[in-house]
Amino acid sequence: MTHPRKWLVPTLYILFLMLPIYGLLAMSFKTTGEILGGFSFFPQQFTLANYKVIFTDPTWYNGYINSIIYVVINTVISVSVALPAAYAFSRYRFLGDKHLFFWLLTNRMAPPAVFALPFFQLYSAIGLFDTHIAVALAHCLFNIPLTVWILEGFMSGIPKELDETAYLDGYSFPRFFIRIFIPTIAAGIGVAMFFCFMYSWVELLLAKTLTSVDAKPIAATMTRTASSSGYELGLLAAAGSLTILPGAIVIYFVRNYIAKGFALGRV
Amino acid sequence: MARIRFKNVQHAYPPPKGQKPVYALKEVNQIWEDGGAYALLGPSGCGKTTLLNTISGLLTPSEGEIYFDDQDVTHLPTPDRRIAQVFQFPVVYDTMTVFDNLAFPLRNRGMDETAVKLRVDQIAEMLDLTANLNKRASGLTADGKQKISLGRGLVRSDVNAILFDEPLTVIDPHLKWQLRSKLKELHQQIGVTMIYVTHDQVEALTFADKVVVMFEGTVVQVGTPVELFNRPKHKFVGYFIGSPGMNFLPCKIDRGQPVFHSNLLSTSHPVSNDLSGRIEVGIRPEFVEFADDGIPVVIESIEDLGRYQVVTVKHESEVIKMVVDEDRPIPTESPKIQLNPDMTRIFCDDWLVGGGQNE
């Protein structure tokens with residue numbers, strides 16, 4: 001059954017979704033004066049000055065660099081820890097395995113604010129405050145369980161006969177794991193990395209609490225709405241637009257695998 | 001190449017909480033002669049796969065030892081055992097091409113590349129995979145993938161044994177015949193021990209020189225197809241081999257001969273009178289025939305299967321199946337049947353007794 005106006009609802013929906021993003025993008029090309037002056041759908045005086053500030057002022061571009069550094073560290077840690085853990089959950093039966101697996105998820109049930117204070121104290125005490133690794137480790141709290149959960153789903157989709165065949169063909173376990181198993185579940189690793197990236201990239205509270213200057217994330221920089229030169233709304237809009245960009249790029253690469261992850265019910 | 005010997009092998013999988021372990025293998029003592037073509041036959045869940053996995057080392061049995069010739073390999077890891085195994089469902093390395101899949105076990109053993117190429121081409125030819133050699137393995141159909149799995153098992157020439165775990169389940173029927181005869185042919189060529197697990201008796205009987213019948217974790221009988229047919233050692237073998245399976249009729253013993261519902265039967269394998277336990281007479285449907293004199297029966301149904309017909313008859317409440325040639329008339333008035341005394345066996349508590357035991 002084809003309806004002549006079946007495109008209507010999706011189009012409206014997409015327009016509705018795109019509206020705030022368009023607003024942000026439009027704003028980023030306006031001067032602060034124009035933004036404060038009143039609403040206009042298109043920039044009256046088109047300017048790239050906001051972007052120029054971000055790419056030249058270290059307090060702005062360092063925010064991006066800091067965010068990217070801890071996100072990458074976090075992704076690497078999460079995936080490399082979760083790979084063996086997920087393998088164990090998917091291949092072996094051990095005492096309390098199911099409880100432990102479920103318990104992993106419960107880590108995601110507490111709001112990050114719960115952990116902010118103890119983390120702040122802990123990281124200050126061991127001298128990790130205001131470092132990238134501190135934020136990366138803090139984000140592992142959410143990301144490792146998630147990654148284990150996602151990878152376990154993908155791994156359980158691979159029959160254990162693959163492992164056994166590799167042994168029969170003369171591979172030891174470590175060689176099998178690295179040379180055959182990891183390439184086989186590459187899609188799953190891609191999806192897991194994407195989710196690590198996404199959670200770590202958008203998480204603000206812990207990242208802000210655990211940093212002050214040297215590792216300050218971009219999201220924290222953006223919460224600074226006014227500076228010595230007054231309101232800088234155009235600049236904020238430009239920063240916001242740039243913040244969306246990495247997510248869009250990453251999701252482009254894993255778009256096909258995400259659907260697979262959803263099909264497994266693990267994402 | 002080696003002779004594989006099982007000594008009191010037992011295996012129990014870890015039981016669910018609070019339950020006693022269930023033995024998947026019980027007291028298996030078995031010798032697999034070097035170069036034999038064996039079929040391991042039994043119903044699902046009787047321990048066939050467990051037994052295979054203990055040979056290849058994927059499982060370490062909870063008790064007992066396994067020897068390759070005189071070497072105790074019970075705790076030897078799988079890669080060192082030189083066993084090839086093909087599983088029921090296709091296993092391919094998705095990230096490699098078909099050629100690399102087949103070459104994988106050879107390369108792992110440091111074979112040089114020209115020899116690898118030669119051998120892989122030969123196997124690919126045999127399995128009809130030549131056209132696909134450069135394709136990625138993940139793009140093939142299920143039976144294409146299974147052929148790769150088979151090929152990976154057959155490609156090595158240094159193996160002690162090749163184990164097949166119902167390898168033709170996912171293959172089309174017409175291809176099944178072809179591949180099975182290829183396997184048989186290959187066995188004659190290279191003379192490696194092959195153990196072929198199946199629950200299909202036709203498959204087992206056509207492939208193997210010796211059939212090993214398993215039931216509830218034990219090996220109940222080892223023999224040639226003819227032996228299994230004529231002299232099943234256990235009731236299960238009688239049921240399982242042959243179509244339809246063996247008839248079993250409850251009886252008593254009188255002077256070494258069975259008495260079935262006050263009809264004296266005769267057997268060429270008499271037993272002693274003091275048997276205790278549940279006693280039954282076993283007779284194959286092929287060896288029951290209509291006669292002028294014998295046990296009076298009522299005909300229940302006739303199935304015409306082309307070259308022969310299966311007739312189901314009843315005496316008192318016991319059902320007897322018989323196989324009658326298509327051109328033989330079926331008596332209509334007060335039919336009577338006779339059992340061939342040479343093929344009438346006596347079973348006590350499910351096991352064969354009497355002279356038929358150790359011929």
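This is a predicted model: local features need pLDDT of at least 70, side-chain atom pairs count only at pLDDT 80 or more; totals for chains, interfaces and linings use all residues.
Chain B has 359 residues, of which 41% count as buried, and its C-alpha trace spans about 75 × 45 × 40 Å along the principal axes. Eight helices and 23 strands make up its secondary structure.

Let me start with a sheet in chain B. Strands of a sheet pair through backbone hydrogen bonds, and they may do so in a parallel or an antiparallel way. The sheet I have in mind is open and has six strands, which follow the order β6-β7-β8-β3-β9-β10 in chain B, and the pairing is mixed. Which strands stand at the edges? They are β6 and β10 of chain B, and because each has a single partner strand, one side of each is left without a neighbour in the sheet. On average, and ignoring direction, neighbouring strands of this sheet are turned by 20° against each other.

If we go into the sheet, we find strand β7, residues 161–165 of chain B, running parallel to strand β8, residues 193–198 of chain B, and five bridges join the two. One place to look is F164(B), which stands opposite Y196(B) in β8(B). Helix α1(B) packs on this sheet, where it touches β3 (37–41), β6, β7, β8 and β9 of chain B, and its direction makes about 155° with that of β7(B).

Now I would like to turn to the place where the chains meet. The contact takes 15 residues from chain A and 19 residues from chain B. On the side of chain A that touches chain B, the elements that give two or more residues are α8 and α9 of chain A, and α8(A) gives the most, with six residues. The residues on that side of chain A divide into seven nonpolar, four polar and four charged.

Helix α8 of chain A covers residues 160–168, and its buried residues are D163(A), E164(A), T165(A), A166(A), Y167(A) and L168(A). What do these buried residues of α8(A) pack against? Within chain A they pack against α9 (173–184), and from chain B they meet α1 (48–56) and β6 (83–86). Just after α8(A), G170(A) takes a positive phi of about 100°.

Staying in chain A, we can compare the directions of two helices, α7 (residues 132–156) and α10 (residues 186–202), which pack at an angle of about 160° with their axes 9 Å apart. Angles over 145 degrees count as roughly antiparallel, and α7(A) and α10(A) are therefore roughly antiparallel to each other. Their crossing is right-handed. Among the residues that make the contact are F142(A), L146(A), I150(A) and F154(A) of α7(A), along with V191(A), F195(A) and Y199(A) of α10(A). By class, the contact of α7(A) with α10(A) has 11 nonpolar, five polar and no charged residues.

My last topic is the backbone of some loops in chain B. Most residues other than glycine have a negative phi, and most peptide bonds are trans. Against that background, E216(B) has a phi near 45°, a positive value in a residue other than glycine. E216(B) sits in the loop between β9 (210–215) and β10 (218–223) of chain B, and because it has 14 C-beta neighbours inside 10 Å it counts as partly exposed. D349(B), which is not a glycine, has a positive phi of about 45° as well, and its place is the loop between β22 (345–348) and β23 (351–353) of chain B. Is D349(B) buried or exposed? D349(B) is exposed, because 12 other C-beta atoms lie within 10 Å, and a residue with 12 or fewer counts as exposed.

There is also a cis peptide bond, which joins S243(B) and P244(B) with an omega of about -5°. P244(B) belongs to the loop between α8 (235–240) and β11 (247–250) of chain B.

Key: Residues are numbered from 1 along each chain as its sequence is written. Chains are lettered from A and ligands numbered from 1 in the order in which they are written. Helices (H or I, at least four residues) and strands (E, at least two) are DSSP runs, numbered from the N terminus. A residue is buried if 20 or more other C-beta atoms lie within 10 Å of its own, exposed if 12 or fewer, and partly exposed in between; C-beta atoms are placed from the backbone. Two residues are in contact if their C-beta atoms, placed from the backbone, lie within 7 Å. Ala, Val, Leu, Ile, Met, Phe, Trp, Tyr, Cys and Pro count as nonpolar, Asp, Glu, Lys and Arg as charged, and the others, Gly among them, as polar. Two strands pair if DSSP finds at least two bridges between them. Axes are lines fitted to C-alpha atoms, for helices over the stretch in contact, and angles run from 0 to 180 degrees between N-to-C directions. Angles under 35 degrees count as roughly parallel, over 145 as roughly antiparallel, 65 to 115 as roughly perpendicular and the rest as oblique. A crossing is left-handed if the near helix is turned anticlockwise from the far one by less than a right angle, and right-handed if clockwise.
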